[in-house]
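Grab a pencil and work through these exercises one at a time. Try each task yourself before you read its solution.

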Amino acid sequence: MHLRAHRTQAGLTQAQLAQAVGVSRKTVNTIENGVFIPSTLLALKLARHLAVGVEDLFALPGGE
Amino acid sequence: MTPNPIATIRLISNLAIVAVTAAFVLLTLAAQVGASGKTGVWIISGVAITAALLQSAAHLMFPQTIEPAWDEEVQHSNRASYLFGYWAVMATFLTLLAGTWAGVVDPAMAFYLLAPVLGAAPCGWMAVAALLGRAA
């Protein structure tokens, strides 16, 4: 999970990113911590808002 | 505690329903008063209906917070709560059925105890999910 790195690089707080994509701050937090796996739609929204590709934010476990 | 008013009221509602239901069931069992009919229905239903009205009012008062309050993680937890409720009722039903067959549980009381589990189990799941940060 590289969401946290890209978010901080963009200078956004969890709350700001959450508001931008229409979810709660806690959802962003659980995604960053790998507790919750987002849907494709939400992953695309996150990627678009951070101006990166989805694969820049998420990766298969073990680098498969 | 979450700053989202809808999520906050939902959490308080779920905790209230679980607390009242659990207290009522424990009181019923401890006092061995048996099925008390409409008294329990009025108390538990009153809390549940009040909670529903409060949540509805929160949705009307804070429409801008509906989307994050019902985001996909919350919906995931909500679906899981109903699944948990189903299995909780199934387990309770089988336990009470065994107790009834063994003659240690009154059939009327067994039936009476199923409804609180049905009502409280999903609420309990959602409350725990919220406290763990998995439901807004």
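**Exercise 1.** Work out how helix α2 of chain A is oriented relative to helix α3 of chain A.

*Solution.* Keep in mind that you're looking at a predicted model. Two packed helices are described by the angle between their axes and the distance between the axes.

- Step 1: find the helices. α2(A) covers residues 14–21 and α3(A) covers residues 25–32.
- Step 2: get the geometry. The two pack at an angle of about 110°, and their axes are 8 Å apart.
- Step 3: compare with the cut-off. Angles from 65 to 115 degrees count as roughly perpendicular, so α2(A) and α3(A) are roughly perpendicular to each other.
- Step 4: see who touches. From α2(A) come Gln14(A), Ala15(A), Leu17(A) and Ala18(A), while α3(A) brings in Arg25(A), Thr27(A), Val28(A) and Asn29(A).
- Step 5: sort them by class. This contact of α2(A) with α3(A) has four nonpolar, three polar and one charged residues.

**Exercise 2.** Zoom out and describe chain B as a whole.

*Solution.* 

- Step 1: count the elements. Chain B has five helices and zero strands, giving the pattern α-α-α-α-α along the sequence.
- Step 2: box it in. Its C-alpha atoms fill roughly 55 × 25 × 20 Å along the principal axes.
- Step 3: check burial. Out of 136 residues in chain B, 32% count as buried.
- Step 4: look at contacts between residues at least 6 apart in the sequence of chain B. Of these, 80% join residues at least 24 apart.

**Exercise 3.** Which parts of chain B supply the side that touches chain A?

*Solution.* 

- Step 1: count the residues. 11 residues of chain B are in contact with 12 residues of chain A.
- Step 2: assign them to helices. α3 (66–69) and α4 of chain B each supply at least two residues, and α3(B) gives the most, with three residues.
- Step 3: split by class. This side of chain B has three nonpolar, three polar and five charged residues.

Key. Residues are numbered from 1 along each chain as its sequence is written. Chains are lettered from A and ligands numbered from 1 in the order in which they are written. This is a predicted model: local features need pLDDT of at least 70, side-chain atom pairs count only at pLDDT 80 or more; totals for chains, interfaces and linings use all residues. Axes are lines fitted to C-alpha atoms, for helices over the stretch in contact, and angles run from 0 to 180 degrees between N-to-C directions. Helices (H or I, at least four residues) and strands (E, at least two) are DSSP runs, numbered from the N terminus. Angles under 35 degrees count as roughly parallel, over 145 as roughly antiparallel, 65 to 115 as roughly perpendicular and the rest as oblique. Two residues are in contact if their C-beta atoms, placed from the backbone, lie within 7 Å. Ala, Val, Leu, Ile, Met, Phe, Trp, Tyr, Cys and Pro count as nonpolar, Asp, Glu, Lys and Arg as charged, and the others, Gly among them, as polar. A residue is buried if 20 or more other C-beta atoms lie within 10 Å of its own, exposed if 12 or fewer, and partly exposed in between; C-beta atoms are placed from the backbone.
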